[in-house]
Amino acid sequence: MKKNQTIGLIIGIVIILVAWFALKGDETQDRDITTIAFVSDFTDLVTSSGELMAKNSEDINGPSNSRQYGLYNIKISDLVAEGTYVEKGDFVAELDKTELSSKLNDLLTEYDKAQSIYTQTQLDTTLEMREKRSELESLVFDIKQKKIEIEQSIYEPPATIQRLKLDLEKLEQSLAQSKDNYIIKQKQSRAKMVEAGATLSQTRSKVSSLQELEKEFRIMAPKNGMVIYKREWGGRKRKTGSTISPWDPGVATLPDLSEMQSKTYINEVDIRKVKQGQKVILGLDAFPDASLTGEVIEVANVGEDREDSDSKVFEIIIRVNESDSTYRPGMTTSNQIVTKTLEQVLQVPLEAIFNQEGLTYVYLKEAVGISKQEVKIGASNDEYAVIEAGLEADAEVFLTEPSSASESEINRLSADS
């Protein structure tokens with residue numbers, strides 16, 4: 001009797017343990033999430049953030065000829081707020097004149113020196129030529145006087161007359177030589193005046209040009225429009241304290257808001273999918289309800305490094321089909337570039353796809369149990385993969401790996417699948 005009770009107790013414990021393990025297994029299976037393979041249109045998207053910009057705009061530039069005066073990096077000392085609406089001739093920006101003023105002061109000093117040299121040269125040559133003329137007049141007078149002496153010496157001894165004639169001949173030779181010297185000195189004086197005048201004129205021209213350049217340091221709007229700050233090569237916007245150069249004199253732009261574009265950058269992995277003419281779905285962070293459409297119109301051939309990216313990126317320009325007066329350049333855009341569209345294809349979420357030793361498979365829920373089914377994957381996007389073989393529509397697959405089937409053999413596709 002006692003033995004029968006012991007056996008019964010053991011059997012009861014075994015039954016309880018079996019039931020517990022079975023229930024535990026059911027609970028585990030119940031915790032696994034499944035989904036249904038479905039047939040629908042498939043869209044492959046390349047998604048990126050971008051920036052709204054005007055297709056056409058007019059640059060507001062500082063002086064581009066400052067290089068000839070040795071001014072290369074000029075600081076922006078004042079700039080109207082971005083988004084300010086200006087009319088033609090309104091103030092936009094002021095450039096720092098410190099270095100310009102220093103150069104202008106140096107030129108003015110040089111000009112004063114050139115003016116002084118010109119005046120001194122003029123005085124010197126005037127006095128020198130006056131002395132030469134007096135010398136000529138004196139020689140002419142001496143010759144006249146000597147001729148009179150000769151006329152009055154007809155009764156003098158021949159030797160005296162001969163001496164007077166020799167004196168006259170010397171005076172005439174001196175006069176001829178002085179006339180030649182006068183002509184040479186006159187040419188020299190003119191040359192000195194021309195040189196001094198040229199130096200003065202050149203210095204005056206430089207002063208005048210630098211004064212005209214100084215006017216360009218106060219930058220005015222070339223036409224009516226909204227001021228948008230110019231972006232530098234690295235993507236930063238120019239502002240008060242930024243510098244411009246003769247090679248990149250832009251301070252701001254006046255965009256034409258009637259035609260807008262989105263500029264974005266695609267990484268080197270996805271760029272092979274992007275081509276001109278592809279349709280784009282756009283959104284604006286500033287207007288969450290706005291739904292815009294566009295088209296890829298430019299794809300860069302050469303990648304570039306950007307501060308916010310660890311890999312090479314390629315610039316993409318997207319034409320925005322819609323326009324609105326409330327849209328502003330610089331607004332952040334979301335860009336979904338439609339790279340591929342397939343009609344009515346079988347799909348499953350990416351989470352349902354598993355890989356093992358080069359084989360791609362899903363966990364398929366059967367009428368009884370779970371199987372590992374090899375599948376052939378076609379196109380995929382960030383959410384779904386197209387199933388080309390291995391599954392039927394409405395098949396139930398697991399989104400997580402069921403522990404009860406993880407060690408099962410994979411059901412391989414046939415060679416002609």
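Which residues does Leu104 touch, not counting residues up to four places away in sequence? The first legend gives the reply, and the others turn to further close-up views of this predicted model.

Figure 1. Leu104 touches Val207, Leu210, Gln211 and Glu214, with residues up to four places away in sequence left out of the count.

**Figure 2. The open sheet S7-S6-S4-S10.** Four strands make up this sheet, and their pairing is antiparallel. Strand S7 (218-220) and strand S10 (243-244) stand at the edges; each has a single partner strand, so one side of each lacks a neighbour in the sheet. Strands of a sheet pair through backbone hydrogen bonds, in either the parallel or the antiparallel sense.

**Figure 3. Strand S6 and its two pairings, with S7 and with S4.** Strand S6 spans residues 91-95 and pairs with S7 in the antiparallel sense over three bridges. Within this pairing, Phe91 has Met220 of S7 as its bridge partner, and Ala93 has Ile219. Strand S4 (residues 74-79) is likewise joined to S6 by three bridges, and these two strands run antiparallel. Here Leu79 stands opposite Ala93 in S6.

**Figure 4. Ser242 in the loop between S9 and S10.** Is Ser242 buried or exposed? Its relative accessible area is 12%, so Ser242 is buried. Leaving aside residues up to four places away in sequence, Ser242 touches Ile74, Lys75, Ile76, Glu232 and Lys237.

**Figure 5. The largest pocket and its lining.** The volume of the largest pocket is about 790 Å³. Its lining comprises 30 residues, and those nearest the centre are Glu51, Met53, Arg231, Lys263 and Tyr265. Two or more lining residues come from each of S2, strand S3 (57-61), strand S9 (228-229), strand S11 (250-255), strand S12 (260-267) and strand S15 (313-320). S2 gives the most to the lining, with seven residues. By residue class, the lining divides into ten nonpolar, nine polar and eleven charged residues.

**Figure 6. The aromatic pair of Phe38 and Tyr384.** The structure holds six aromatic pairs. One of them is formed by Phe38 and Tyr384; the arrangement is edge-to-face, with 5.4 Å from centre to centre and 85 degrees between the planes. The pair links distant parts of the chain, as Phe38 lies in strand S2 (residues 38-54) and Tyr384 in strand S21 (residues 384-389), 346 residues apart. With a relative accessibility of 29%, Phe38 counts as partly exposed. Tyr384 also counts as partly exposed, at 27%.

**Figure 7. The stacked pair of Phe354 and Tyr361.** The rings of Phe354 and Tyr361 are 6.0 Å apart from centre to centre, and their planes are 25 degrees apart. Why does the pair count as stacked? The angle of 25 degrees is under 30 degrees, so the pair falls in the stacked class. Both Phe354 and Tyr361 are buried. Ring pairs also bring in Tyr363, forming a cluster of Phe354, Tyr361 and Tyr363.

**Figure 8. Strand S21 and its pairings with S16 and S20.** Strand S16 (residues 332-349) is joined to S21 by three bridges, and the two run antiparallel. Tyr384 of S21 is the bridge partner of Pro349; Tyr384 is also the residue whose ring pairs with that of Phe38. Strand S20 (residues 376-380) is joined to S21 by three bridges as well, again in antiparallel fashion. In this pairing Ile377 stands opposite Ile387 in S21. A hairpin of three residues leads from S20 to S21.

Terms used:
Residues numbered from 1 in each chain as written. Predicted model: local features only at pLDDT ≥ 70, side-chain atom pairs only at ≥ 80, totals over all residues. Heavy atoms only, no water. Phe/Tyr/Trp six-rings, centres within 6.5 Å; stacked < 30°, edge-to-face > 60°. Buried < 20%, exposed > 50% of the residue type's maximum accessible area, 1.4 Å probe, protein only. Pairing = 2+ DSSP bridges. 1 Å grid on protein atoms, 1.4 Å probe; cavity = no way out; pocket = protein on both sides within 12 Å on 5 of 7 lines; lining within 4 Å. Points joined across faces, edges and corners; volume = space filled by probe spheres on them. Nonpolar A, V, L, I, M, F, W, Y, C, P; charged D, E, K, R; others polar. Contact = heavy atoms within 4.5 Å.
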